[in-house]
Each structure stands twice: as C-alpha cells, then as structure tokens.
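Please read them alongside the sequence and the coordinates.

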Amino acid sequence: MIPNLSKIGVQMSSLTGVKAIAKDIIETLQTKQKQDFINLSAGNPVLLPKVEQMWRDCTAELLASSEYGEVVCRYGSSQGYILLIQAIANDFNRRYGLSLNESNILITPGSQMLYFYAVNAFGGYTSNGDLKQIVLPMSPEYTGYDGICLAPEALISYKPALDIDTKAHRFKYHPDFSNLAITANTGCILFSRPCNPTGNILSNDEIKKIAALAKPYNIPVFIDSAYGPPFPAINFRDMTLMFGENIVHCMSLSKVGLPGERIGIAIGDSKIIQVLQSFQTNLCLQPPHYGQAIAARAINSGAIEYISKEVIRPFYKNKISLLEAKLDQEIPKDLPWFLHWGEGAMFAWLWFNNLPISDLDLYQKLKQVGVIVVAGRFFFPGLQENWSHKHQCIRISLTASDEQIETAMERLAEVIQQVYKQTQ
Ligand SMILES: Cc1ncc(COP(=O)(O)O)c(C=O)c1O
C-alpha cells in the first residue's frame, strides 16, 4: 500500500540532515565489516564502565524500594516525575544560587522532543498568518534542529564570523552580530553550548547580547546544554551557565549515560514551562518514569556530578588532546587545514580551506581507506546562503579508541595531502 500522506506526513516521514546519510554509514559498516572500518561518525556516547555501574546501582536501589510500583505501574504528572523535579530544583538552587521551584522545570522524553515543542510552540505561523522565525544565531549547528519544525521555512540561521589562527592551524566561530537579525518576527532562538558539531562554547557576553536583543520582543532563548555542566560536563574550559527571564536552560541525560531512557530537562520562566508542558500533555501525556526515578537518585547522591567531572569529562578531553597532537604531527603545515578549538562536546570539527573536492567526496575517499566521518554540509540547518565553507568541513567523533583515532588521523592526513596535490 502506498500511504496517502498529509503535507506534514510527507515532511516528517523523510529524513533530514545527517540521518539521511546514516543509511549509507550503516550499510557500509554491515557489508564490509571485515575491512575493519574505523567509525568516527558515531553520536552515541561511549559506554564507560563507571557510568554504567552508577546507573546499575541506582536501578538496584529503585528495585529494592517501595517506590517501584508507583514509578512503573502508574501514570504521573505531565510535568515529569516530582522527585526528579525536586532533585533538580535543589541541586541548581544550591549550586547556582537560584530560587527555582517546581513550576520552573519540565521533564521531556529526551531533549530532542523538548526542542520539537519549543520550535513549534514559538516558531511557525501565528493565527494571523504571520511567520515567526526560529533563529539559530550561527551555523554550523546541531543537525537535529533541521527536522523538528512543522513549518520548515521558519528555520533561519546565520553565517558566523571566523577567528582564524593561521599559525596554529586553529579557528573559532563567533556570532556575527552585524548580520544577526532578531526582530518582532522572531519566535524563538536556539543554539547548543557546547556546540555539536564544533565544540564551540559561546562566551557569556555573546549570550548576554543575544538575550538582550530578544528581551524587548519577549522572545525565549533556548540554550541547549546537552554537553554542558553540571552534567555531563563535557566542557574543557570553564563556562558559566546563563539564566534569565527569557532564557530557558535545556539539558539532556543522554551524554551522562542514559540515551536509551530519553530524559530532557527545561529550566526557565514558569509561563514558558507551562506552554511546553501543555504541548507535552497533548502529545504524549507524560515522560516515562523509570529513567527519571534513577536520575533523581544519581543527582541527590552527588554521583552524577562526580562521574561527570571525574570520568566523562577527562575521557573526552584526553581524546581531543590526542587527536589535536596527531593532526599537528601528521598534516603538513603548508596545507590550509584548521581545527576548531576543542572547547567541549564529543566531536572535532575540521575545516579545509579551498578544498578542491566537496566534503561528500572527501567522505567517500576516507571511506575507501577505512575511515568514516560525517560530511560537514549536514550541520548548517536553516542557512540558505550559498557558502563554500559548508562543503569544506568534516565532523569527527571522539568516541573511538585512542589507537583508532591515531590510525584514522594518519590516514586522513595522507588522503588530504593527495587531494590538495592532485589539483596543484
Ligand atoms: C546538541 C544536541 N542537542 C540535543 C540532542 C538530543 O539529545 P537527546 O534527545 O538524547 O536528549 C543531541 C544529541 O546528540 C545533541 O547533540
């Protein structure tokens, strides 16, 4: 049977962004396993034994407690499991001197779902027929923002300013405030910090500026902290969390070892939280309880903070240091390659200026030498402009073993030298 789909049906049943090439990656890995591919495309966090043990311990406690039946066998509040909400409020109030209460917090089935609520509640068509834009202040950005807008034309992103350190072969993106338009037509603002794919951490001043531009129009600013402190704390330099009237601080427990349980957290003004909560009630009644109940335990005991700082952060910090050292050693200095400063998250982002082939061709060439990365073009959701830079980057996941990362960087260095040489 050929399904007769609505406009939204067509839109939501086609894969966008990186998910569109996930098929090629899975097929490659399945059909040529013997060739021992080094897979540097993964977005799944590494299963670290101490992290797994923490969740096992919390689960054992839950199973042994009288709370179990209430958690698993009953419906609950559409706002989330009250003991998790209270654990987060207490933790954030103590840690950051806030005065959050339960009405400031919403739990969602994963943070991807939270962004779906946010962009569709605040972006898209108003009842007057006006289009409210969903603004990503700069590209590149998390590819998952691409498929979540029911009115995709609402998604707008801006070219960044580039701060290039030619000698060090490093660079950094900044929002280009001379270009960024936040107006009465803006519905909401969204960005990741630390950023997937680049590892960039926007500065406090940059965030204050964005929030100040948005405030006169009552525009909410959603800061996606999927990799930020206090957990999973995959930030390699200090960063201060930003709160404020129009800022919604968003978190995920996926990178602290619970991607399978789907837990997202929104912290912000109760009026905004209420809107998101109603969206959630209509969509799925409530987020599942089990993961929330074990997360409440891990937060209250302090285990989640300890594991984040002492296990998860050092793991990825060592990986990026290793990758940086290897690239510096292997790729000749006279080639125009630039690594984004690795400030956080689980990825390295490489830009090859004036790359003679496209990022997709580079992806194919790397596949031929047994290395799988992600072509950069998928990380520019909402950026309409024709910008050659979009086709000159790759994302490298830091989830492989040290040995695999080193071998892959050696092969990458060889391939990239050939690519530049061929066109000279
Ligand atoms: C920046 C960013 N935001 C959000 C998500 C979605 O996370 P989840 O839905 O598992 O909470 C991801 C997943 O990789 C991500 O990288």
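1. Helix 10 and helix 12 are roughly parallel to each other. This follows from the angle, because a crossing under 35 degrees counts as roughly parallel, and the axes of helix 10 (residues 303-330) and helix 12 (residues 402-422) cross at roughly 30°. The two axes come within 9 Å. The crossing of this pair is right-handed. The model is a predicted one, and this applies to every point in the note.

2. Which residues make the contact between helix 10 and helix 12? On the side of helix 10 they are Lys319, Leu322, Leu323, Lys326, Leu327 and Glu330. Helix 12 contributes Asp402, Ile405, Glu406, Met409, Glu410 and Ala413. By class, the contact holds six nonpolar and six charged residues, with no polar ones.

3. Strand 4 (residues 131-136) pairs with strand 3 (residues 124-125) in the antiparallel sense, over two bridges. Tyr125 has Leu131 of strand 4 as its bridge partner. Five residues lie between the strands of this hairpin, and Gly129 in the hairpin takes a positive phi near 90°.

4. Strand 4 also has parallel pairings. Three bridges join strand 4 to strand 8 (residues 186-192), and these two strands run parallel. With strand 5 (residues 155-157), strand 4 again pairs in the parallel sense over three bridges. Ile134 takes part on both sides: Ile134 stands opposite Cys188 in strand 8, and Leu155 is the bridge partner of Ile134 in strand 5.

5. A further sheet is open and built from six strands in the order 6-7-12-13-16-15, with mixed pairing. Which strands stand at the edges? They are strand 6 (161-165) and strand 15 (374-375), each with a single partner strand, so one side of each has no neighbour in the sheet.

6. Strand 12 (residues 337-340) and strand 13 (residues 347-352) pair in the antiparallel sense, and the pairing has three bridges. One of the residue pairs is Trp337 with Phe352, the latter being the bridge partner in strand 13.

7. Two cis peptide bonds should be noted when the backbone is inspected. The bond from Ser139 to Pro140 is cis, with omega near -5°; Pro140 lies in the loop between strand 4 and strand 5. The bond from Phe231 to Pro232 is also cis, with omega near 10°. Pro232 is found in the loop between strand 9 (221-224) and strand 10 (247-252).

8. Where does Asn218 lie? Asn218 is placed in the loop between helix 7 (204-214) and strand 9. Although Asn218 is not a glycine, its phi is positive, at about 60°.

9. The ligand is surrounded by 14 residues. The closest are Gly110, Ser111, Gln112, Ser252 and Ser254. How does the shell around the ligand divide by class? Ten of its residues are polar, three are nonpolar and one is charged.

Definitions and conventions
Residues are numbered from 1 along each chain as its sequence is written. This is a predicted model: local features need pLDDT of at least 70, side-chain atom pairs count only at pLDDT 80 or more; totals for chains, interfaces and linings use all residues. A residue is near a molecule or strand if its C-beta atom, placed from the backbone, lies within 6 Å of it. Ala, Val, Leu, Ile, Met, Phe, Trp, Tyr, Cys and Pro count as nonpolar, Asp, Glu, Lys and Arg as charged, and the others, Gly among them, as polar. Two strands pair if DSSP finds at least two bridges between them. Helices (H or I, at least four residues) and strands (E, at least two) are DSSP runs, numbered from the N terminus. Axes are lines fitted to C-alpha atoms, for helices over the stretch in contact, and angles run from 0 to 180 degrees between N-to-C directions. Angles under 35 degrees count as roughly parallel, over 145 as roughly antiparallel, 65 to 115 as roughly perpendicular and the rest as oblique. A crossing is left-handed if the near helix is turned anticlockwise from the far one by less than a right angle, and right-handed if clockwise. Two residues are in contact if their C-beta atoms, placed from the backbone, lie within 7 Å.
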